[in-house]
Amino acid sequence: LAMGSDASGIAGAPRSLPWPEGARALLAPGWAPETKGLKYQGPEPCKEDGVPYWQLGGPSKARLRITEDETSALRLGPQFTVALVCRAGEGGAEGYDSLLLGEDNKHWLALKGGDLGTVCCVEGESGKSSDVKAGIGRKEWVQLFLRPTLDGGTSLLGCDSDGLVELGCFPTSLTGSKLRNAGWATNEVHLAAVGIWDRCLSWAELSAAVAPREEERPAPAPAEGPAPTSFQGRVVDLNGAPISDVLVSWSKGGKCLTDKEGQFSAMVEDDDADTMVPDDSASQGSAGSDSSWMSLSFGCEGFAPMSSPVALGSDNSVQVTMRPIAASATLDASAGGTVVDPASGSSVAMPPDALAYPDGRPVQGPVTVSLSIIDVTDPAGLASMPGDFSAIGADGSEVKLQSLGAAWIGATDEQGTKLEVREGSKYTLDLHTKAKANAEKLGTLPEMWSFDETSGKWMLEPSAMKVDGEDAPNAVRPAATAAVPASYSSGSGGRGKKKGKKMYDPTEGPVTGCMSPEEFMKKVAQDGEKSLSAEVTKLGYINCDLAYHHPQRAVMMKGLVLNTKQQPMPEVQIWGTGRDYQGRTPDATAADGCFSALIAQFDSEVDVEVQFKKARADDQKIDVYFPRDQRTKIKDKTLADLVWRVPGQYQQEGESDGLPLWVKQVPKGWQDEKPSPPSTISWDHARRRWIITVGNEVVFRFCAGDEPCSPCVERGWQVAPSLAENVHPPIVARAAEVMSTKFGPFKTGPPGAFVDVGELVVDA
C-alpha cells in the first residue's frame with residue numbers, strides 16, 4: 001500500500017493507492033499494522049490479478065475483527081476521513097452487507113443486498129438506512145471516502161475516470177463511533193484496504209491522490225497568422241448616459257449589441273475583418289501609427305449613426321458618443337421641402353426630385369429626411385463626430401481638421417430603404433453655429449467635407465459656400481476683391497492636385513460679389529452665431545472645417561499612462577481635444593504605457609483624455625477570452641466550433657448547486673438566426689469545480705476544492721480531458737468597464753515641437 005511520499009510499495013498492493021500520508025490506522029492484507037496497540041484478525045487473504053484482499057461474509061461468514069485498539073485509533077472524532085477499497089462479491093440476498101460496522105451498531109458503510117451498486121449507512125438503534133448510488137460492481141475495485149459534513153451528516157466520495165466525485169450524503173453522524181469489524185454480511189463482500197485519518201482530508205488532497213493518470217498530450221498547436229482584434233467599449237449619449245441595444249457591426253457580418261449599461265465587447269479573427277492600411281502619414285486607429293485598422297459602426301433607433309476605428313491585432317478600449325436625431329420630416333420626393341432643427345436653427349433644403357436609390361432609380365412618393373446637428377463647441381459633440389478628424393486632402397495627402405460645425409443628414413423611403421442624392425443634384429445645408437476659428441493662424445480657409453464610411457476618413461466636398469448669406473471664397477470659388485493668400489490651403493499642402501478633383505484654377509477668373517479671404521477669416525473668427533451654408537451632393541456626415549498639416553501647423557504630444565500602482569497601462573486609447581479650437585485626435589499607448597504620436601494644433605491648449613478598462617467590483621458579469629499570445633490552431637472543425645463558442649461575456653442568471661450561474665449573452669432575436677446550445681459557467685458541486693459548458697459538453701474546468709472561490713481567475717483553468725485536441729485554456733475575469741479620465745489643459749508650443757505631458761495616473 002503506497003502512502004504519500006513514504007510509499008512502501010508493498011508487493012501485491014491493490015495497484016497503487018497514493019493516499020495522503022498521516023493516517024492514524026491502516027488495515028490491509030499482508031501488512032502488519034504500525035499503530036501501537038492495534039490488532040485485528042481476518043481470514044486468509046485471497047489474491048486476484050496480483051491484488052490481495054479479504055473475502056468476507058457470504059456462506060463462510062468470515063469477518064475482519066478488531067481484537068485490540070488500546071489507543072482508540074479506530075474511533076472517529078469530530079474531524080475524520082475513512083478510506084476503503086472494496087467491491088461486491090457473490091450473492092443476491094436482500095438486506096445490508098456491512099463493509100464497516102461500529103461498536104454502536106452503526107453500519108458506517110454497507111452494500112444493499114439485491115440492489116447492486118447501491119451503498120447505505122444504517123443507524124444502530126433504529127435500523128434506519130439512507131441510500132446512495134455508488135456504482136459498486138463485482139469486478140472492478142472501487143475507492144470510497146467518508147468525511148463529516150457541516151450539518152452533522154456524512155459525505156460519501158468516490159472516484160471515476162474523471163477523478164474525485166461526491167456520490168451523496170448520509171444524514172447519519174459517525175462522530176464517536178469506533179470500528180468493530182468488517183464483513184458482517186449475508187452476501188460476499190471483498191475488502192482490499194481501510195485507512196482512517198483523524199482529520200478531514202481536503203478535497204484538494206484527495207483529488208490529487210486519486211486523479212487518473214492522463215496520457216501526456218502534445219502541446220497546443222500555435223495559431224497561425226496575425227493576432228485577433230479585441231475591443232470593449234461603452235456607448236453613451238451627449239449627457240454621458242449609457243445607450244442600450246445599440247447595434248455594433250463590422251466587416252463580413254460581425255455584430256453585437258450593447259447591454260443596459262451601454263457596454264459591448266467582441267473578438268474578431270483576422271479572417272473576419274476587412275483590413276485597411278493607411279499611408280505612411282496616417283493616424284487612424286492607433287493614431288500616428290501605420291498599422292492596419294478596422295472600423296466599427298454603431299446604429300440605434302432615434303440616434304444618428306456613428307463609426308469609430310479600432311487597431312487590428314490590439315486590445316482596444318472604446319468610448320463612443322451618439323447623438324439623437326434632432327429633426328425629421330416626411331416630404332414628397334417630387335416636390336422637395338425643408339427640415340429645420342428647432343434648437344439650432346440649422347436646416348436642410350431638399351429640391352424636387354433630388355433623391356434616388358443607390359442603384360440610381362428615382363424615388364417617388366413620401367420620403368423621410370432626418371437631421372442631427374453637431375455642436376462642435378461642446379466636447380461631447382466633438383466626441384460624437386465619426387472617425388478621428390483625419391481627412392484626405394485634394395492631393396491625397398492626410399490632413400487634420402478643425403470644425404466650425406457639422407451635421408448628419410439621412411433619407412429613407414416608406415419601407416426604410418436608404419436613399420442617396422441623385423447624380424447631378426444638390427441640396428442646401430445651412431449650419432448655424434457659434435464656433436469660431438483662427439483661420440489666419442492655420443493659413444487656410446474653411447471647406448466642406450463629407451465622411452467616407454469605407455475608409456473612415458473625411459473627404460473634401462468641393463462646394464461653394466456662404467457666410468451669413470454672403471458668398472465666401474474657397475477652393476471652388478475664388479475671391480473677386482482680393483487675392484487668395486499664398487499660404488492658403490484646402491488640404492493640398494502645396495503638394496499638387498489629385499487627379500479627378502476639381503480645384504480652384506486662377507485662369508478661370510474670379511467670381512464677382514464674393515468677399516475677400518481676409519473678410520472670410522474675420523467672419524469665422526468672430527464671436528456669436530453665424531450661418532455657414534453650402535450646396536452639397538452627399539448625405540451622411542457633412543462637416544465645415546479648416547485643414548492643417550503636421551508638422552507645419554501642429555505639434556506631437558507624448559506621455560506615460562500609469563495605474564494607481566504605478567504600473568504602465570498598455571493598449572490604452574488616448575484622445576487630445578482642443579480647448580481653443582474644435583478638433584480631436586487619437587493615439588494609443590504601447591506595451592510600456594507610453595504614447596508619442598498625439599497630434600495637436602500648435603500654440604493651443606489641449607485636454608488629454610485617457611479611455612481605459614477597469615474590472616467591475618462584482619461578479620455580475622464575467623468576461624471569458626483567450627489571450628492573444630496563447631491562441632490554438634484546432635484541426636477538427638467540430639471541436640473548433642465548440643471551443644470558439646466559449647469566449648464572450650457572461651451574465652449572472654440564477655444558481656446552480658447553490659452557487660451563481662452565468663450564461664453567455666446572446667442578443668434578443670439572434671437565437672433563431674444563429675441557433676446554438678447555450679454556453680454557461682456553473683458550479684459542479686459533486687466535483688468541487690467550476691465548469692464552462694457548451695450545451696452538455698464540458699469544455700474547460702477549474703478545480704476549486706471544498707471552499708468554492710470565484711471562477712474569475714487568470715490562471716488555473718484546464719481543458720477537459722474529453723476534448724480530442726489539447727487547447728490553451730481561456731482567462732476568466734470580472735467584466736471590465738470602459739472608463740474615461742481627462743487631464744489638462746496642456747500648452748502645445750510652436751509648430752513641429754514635441755510636447756511631453758508627463759505621467760497620467762488613472763484609477764485602474
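Analyst: Arg 701 stands opposite Gln 718, a residue of strand 49. The model is predicted: local features require pLDDT of at least 70 and side-chain atom pairs count only at pLDDT 80 or more, whereas totals for chains, interfaces and linings use all residues. Residues are numbered from 1 along each chain as its sequence is written, and side-chain values use heavy atoms, with hydrogens and water left out.

Strand 48, residues 697-703, pairs with strand 49 in the antiparallel sense over two bridges. Strands here are DSSP runs of E with at least two residues, numbered from the N terminus, and two of them pair if DSSP finds at least two bridges between them. The surrounding open sheet has eight strands in the order 49-48-47-46-45-44-43-50, with antiparallel pairing. Strand 49 (718-719) and strand 50 (731-734) each have a single partner strand, so one side of each is left without a neighbour in the sheet.

Most peptide bonds are trans, and most residues other than glycine have a negative phi. Against that background, the bond joining Gly 744 and Pro 745 is cis, with omega about 10°, and Pro 745 belongs to strand 51, residues 736-747. The bond from His 550 to Pro 551 is also cis, with omega near 10°; Pro 551 occupies the loop between strand 37 (540-548) and strand 38 (554-562).

Two non-glycine residues have a positive phi. For Lys 61 the angle is about 55°, and the residue sits in the loop between strand 4 (51-57) and strand 5 (64-69). For Glu 571 phi is about 50°, in the loop between strand 38 and strand 39 (573-578). At 28% relative accessibility, Glu 571 counts as partly exposed, the class between exposed and buried (under 20%).

The interior remains. A nonpolar core is a set of buried Ala, Val, Leu, Ile, Met, Phe, Trp, Tyr and Cys residues joined through side-chain atoms within 4.5 Å. The largest has 87 residues, and Met 350, Leu 355 and Tyr 427 are among those with the most contacts inside it. Strand 29 (residues 398-412) gives the most to this core, eight residues. Leu 355 has contacts (heavy atoms within 4.5 Å) that include Met 350, Val 363, Ala 411 and Leu 539, leaving aside residues up to four places away in sequence. A second, separate core of 39 residues includes Leu 38, Leu 84, Ala 185 and Val 194.

Methods:
Helices (H or I, at least four residues) and strands (E, at least two) are DSSP runs, numbered from the N terminus. Buried means under 20% relative accessible area, exposed over 50%, partly exposed in between (1.4 Å probe, protein chains only).
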